[in-house]
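Okay, thanks for coming, everyone.

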Amino acid sequence: MSAATGTYTVADCCCSHTGINAAATNWSRLCCACVGRTTSSNAWTTSAELPDFWYDHVRVSDTGRNKTVVTAISKISDRPVAKEACLVVIYGLELGKKFNLNRPQIIIGRSSKADIQIDQEAVSRNHCKIINTGNAIMLRDMGSTNGTYVNDDMIDEYVLRDGDFIKVGRCIFKFLSGNNIENAYHEEIYRLTTVDGLTQIFNRRYFVETLEREIGRALRYRRDLSLIMFDIDRFKGVNDSFGHLAGDHVLKHLASVIKTRIRREDVLARYGGEEFAIVLPEIDHFNAVQFAEKVRKLVEAAEFKFEDTLIPVTVSIGVASLRGEIEDALEFIKQADTLLFAAKEGGRNRVAG
C-alpha cells in the first residue's frame with residue numbers, strides 16, 4: 001500500500017486492481033472494487049471478525065447461520081441515517097414508551113448504565129445492543145442468559161425491518177422505521193388501545209365494547225349470539241415449573257393456534273391473565289358448543305414447545321348464548337364464566353354449556 005496515495009498495488013490486493021481507494025482491514029486485503037463486486041461464498045465472514053462499524057447488513061447463508069456481507073466500508077459517524085427509527089414498548093411496565101434510535105449504539109439490559117433499562121430477572125445486565133450503521137439498524141445479542149428474540153425466533157444478530165417485534169426478557173418492543181415515524185408511533189399507540197401486546201389479539205377493553213355492540217344488534221334484529229370463555233388449566237404450574245418466559249410463550253402460541261380457526265366476524269380476545277374469550281355473532285347455542293369442543297381438541301393436540309421443552313396444555317371452556325334476561329355485556333360474561341368454572345370443577349379439559 002502506498003502511504004502517499006492510500007491505494008494498493010498489484011501485489012497488495014487480491015486482484016490486479018491498482019490506484020483504487022483501499023478497503024482493507026486486519027481480516028482481509030480487498031480493494032473497494034473487489035469488495036463491491038464479490039458475491040461468491042468466499043465473501044462471507046463471521047460477524048465476530050468485524051468491528052461494529054465495518055459492516056452493512058446481515059444475510060443468512062445456506063447453512064442457516066447469520067453471516068455478514070460486506071458491500072462498502074466506512075464509519076458510522078461518516079454516514080447519514082437514511083430513515084428515522086424507534087422502539088415502542090407494546091408489552092411491559094412502560095407501555096407505549098418510545099425510544100428513538102438516532103445514536104450509533106444503544107445497549108438494552110438490566111444494568112442501571114444501560115441506555116434502555118429493563119429491570120427484570122429474565123434480562124441480563126447487558127442483554128443486547130442496537131447498532132445504527134447508517135444504512136441499516138441491527139440488533140445483536142450480547143451473550144444474554146435467556147436470549148434475544150425477533151418475531152419469536154432467537155437471534156444472535158439481525159437486521160431490523162419495520163414492524164419487527166423484539167422480545168427482551170418479558171418486555172416486547174415494536175420496531176418502527178420510515179420517513180414519518182411520528183405518525184407511525186401515534187398509530188401504534190392507538191392500536192395498543194385495542195390489541196394485547198403479548199398475544200397480538202384483541203384486549204379486554206375492545207372485547208367488552210364489541211360484546212356490548214353485538215348484544216344490542218342481536219336484540220334489535222333478533223339474531224343469535226354466543227360467547228365462549230376459556231382459560232388454561234393449571235397455568236400457575238406452567239409458570240412455576242418452566243418459568244414466566246415459558247408461560248408467555250404458551251399464551252402467545254395458544255392465541256396463534258386459535259386465531260387461524262375463527263371466522264372473520266368472530267372476535268378472539270385476551271380477557272385477562274390466562275383467560276380468553278370468543279364472541280360468536282349469528283351462532284346458536286348448539287353450534288357454539290360444537291365449536292368450543294373443536295377448540296378444546298385443537299389446543300390439546302397442539303405442540304407447545306419452549307426451548308426444546310414440550311409443555312402439555314389443555315383448556316376448560318364455558319359456553320353461553322344470549323337469552324331474554326341478558327341485556328348487558330357484564331351479565332353475559334358472568335354467565336359464561338360460571339359455566340367455565342363448572343368445566344373446571346368437572347375435571348378440566350372439557351366444555352360446559
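So, which residue forms a salt bridge with lysine 97? That's glutamate 94, and the closest N and O atoms are 3.3 Å apart. By salt bridge I mean a side-chain nitrogen of Lys or Arg within 4 Å of a carboxyl oxygen of Asp or Glu.

Quick housekeeping: this is a predicted model, where local features need pLDDT of at least 70, side-chain atom pairs count only at pLDDT 80 or more, and totals for chains, interfaces and linings use all residues. Numbering runs from 1 along each chain as its sequence is written, and side-chain values use heavy atoms, with hydrogens and water left out.

Back to that pair: lysine 97 is partly exposed at 36% relative accessibility, and glutamate 94 is partly exposed too, at 39%. The cut-offs are buried under 20% relative accessible area, exposed over 50%, and partly exposed in between, using a 1.4 Å probe and protein chains only.

Overall, we count 21 salt bridges. Another one joins arginine 205 and glutamate 209, at 3.5 Å from N to O. Those two sit four residues apart in helix H3 (residues 204-221), so about one helical turn separates them. Helices here are DSSP runs of H or I, at least four residues, and strands are E runs of at least two, numbered from the N terminus.

There's also a network of salt bridges linking Glu214, Arg217, Arg223 and Glu282.
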